[in-house]
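Welcome! Take a moment to turn the model around on your screen, and then we can walk through it together.

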Amino acid sequence: MNILSAEKFEQLSTFNNKPCISIFMPTNRAGKDVLGEKDRIQLKTLWKEVVEKLEAKNVDGEKIREFDGILDDLMKDHDFWRHQMDGLAIFVAKDFFQKFKTPIGFEPRTYISDHFYIKPILPLFADRDEFYLLSLQIENVRFFKASKYSIEEVQIDELTPSRLEERVGFDYEERTRLHQSLGNGKAVMQGDDAANRARKNEILRYFNAVDAGLQDILHDEKTPLVVACQDYLFPIYKEANSYQHLFPAVLPGNPSDSKNNKELHEKACRLLEPYFNKDKKEKFSQYEELVPERKSNDIHQIIPAIFEGKVDTLFLQENTDVWGNYNENMASVDVNKSGNHGNISLTNLAAVKVIEQNGRVFLLTEEEMPVQNSAMVAVYRY
């Protein structure tokens, strides 16, 4: 299965042919819907809708049959349908076929034009939500690269000691009395102050070695590093840490208590929610404070401004499209009520162009939009 990388996202957003077919649908990871192949049946229904649209556009029958063969092969791949994520995105054109499992679900939809529809997958690339996660225990250290939608373990065995004993020696139990974990997940040191100081120094030496090893990965990074560990370990790790972007709050508790990486990832995302929303809140505040000349919710003004490179931030209402066409030579926007008769999604067009220009795009619910009853709101650079 292809990974929806930034390079492939750029390929999709710049691809031009006629027709380009985009299909989005929610999928199921497990359960009776997987066993009953509900997702495969849903694609069959959506493909029937696509064929009807292609015939209405007078697309050559041979070309339709070629596309039909590609999708028929996919629908017959029973192993593929047994291993899904939360969403499936499919892109088809002449001599082009890509399918992507995604960690975000979609509303079922089809789109046919001379370009692909990429707005639903924007959160995978437009959100600046990457982070590192360090699962830290005395007996085990694991390291992950993650985002709001994914988590992947990075092997660090050759960079860091995996256990405290590897750094301080196997006789440390004889030199200090071990700490005792309490039922609530907290910990206390047993023994006199000298033994506690010795114990802390051993842990600090261990964490210094972990920190030194991670610098091979982190030295040029600016991505937040979240540490998951028991509360009493975090102050010691902060003392050892040399990475400037250590997240100030710990993910508390013993990481081994999480059933799997997915659960650990979900906990980390909940902790990071204020961080994820920081940019959006700042852009909201900026919009409210700007003079009228530096912002707009009028699509007839926004689209030409995007093509001039003026738009810094674009707020789009998710699951909503504005249909029409844009004449770049005349800088004129023609808005229509439907996607028929050669109309394109102007919201999709706007999103693609703003991303190309390194701007920010946020997909929001109707209630979240900075201007009510607006499908598109922009903040200008100048």
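Which residues point one way from β17, and which point the other way? Met-376, Ala-378 and Tyr-380 point one way, Val-377 and Val-379 point the other way, and all are buried. Here buried means under 20% relative accessible area, exposed means over 50%, and partly exposed lies in between, using a 1.4 Å probe and protein chains only. In a regular strand the side chains alternate between the two faces of the sheet. Strand β17 covers residues 376-380, and since 5 of the 5 residues are buried, the strand is largely enclosed by the rest of the structure.

Before going further, a word on what you are looking at. This is a predicted model, in which local features need pLDDT of at least 70 and side-chain atom pairs count only at pLDDT 80 or more, while totals for chains, interfaces and linings use all residues. Residues are numbered from 1 along each chain as its sequence is written, and side-chain values use heavy atoms, with hydrogens and water left out.

Now step back to the whole protein. Its secondary structure comes to 13 helices and 17 strands; these are DSSP runs numbered from the N terminus, with helices being H or I of at least four residues and strands E of at least two. Along the principal axes, the C-alpha atoms fill a box of roughly 85 × 55 × 35 Å. The protein has 382 residues, and 47% of them count as buried. Among the contacts with a separation of 6 or more, 66% are between residues 24 or more positions apart, where contact means heavy atoms within 4.5 Å.

Four strands form an open sheet in the order β11-β17-β12-β16, with mixed pairing; two strands pair if DSSP finds at least two bridges between them. Strands β11 and β16 (360-364) stand at the edges with a single partner strand each, so one side of each is left without a neighbour in the sheet. On one side of β17, strand β11 (residues 295-296) is joined to β17 by 2 bridges and the two run antiparallel. Look there for Lys-295, which stands opposite Val-379 in β17. Strand β12 (residues 311-317) is joined to β17 by 5 bridges, again antiparallel, and Leu-314 has Ala-378 as its bridge partner in β17. The next pairing, between β12 and β16, also has 5 bridges, but these strands run parallel. Gln-317 finds its bridge partner in β16 at Leu-364.

Helix α11 (residues 261-289) lies across β11, β12, β16 and β17, running at about 95° to β16. Helix α12 (residues 299-307) lies across β11, β12 and β17, at about 50° to β17. For these angles, axes are lines fitted to C-alpha atoms, for helices over the stretch in contact, and angles run from 0 to 180 degrees between N-to-C directions.

Another helix to find is α13 (residues 346-356), which is mostly covered, with 8 of its 11 residues buried. Among them are Leu-346, Leu-349, Val-352 and Val-354. Just after α13, Asn-358 takes a positive phi of about 60°.

Elsewhere, a few spots have backbone geometry to look for. Most residues other than glycine have a negative phi, and most peptide bonds are trans. Asn-58, which is not a glycine, has a positive phi of about 60° and is found in the loop between α3 (38-56) and α4 (61-75). Asn-58 is exposed, because its relative accessible area is 69%. Asp-95 also has a positive phi, near 60°, in the loop between β2 (87-93) and β3 (96-102); its relative accessibility is 69%, so Asp-95 counts as exposed. A cis peptide bond joins Lys-18 and Pro-19, with omega about 5°, and Pro-19 is found in strand β1 (residues 16-26).

Finally, visit Asp-211 in helix α9 (residues 193-218). Is Asp-211 buried or exposed? Asp-211 counts as buried, because its relative accessibility is 6%. Leaving aside residues up to four places away in sequence, Asp-211 touches Tyr-237, Ala-240, Asn-241, Ser-242 and Tyr-243.
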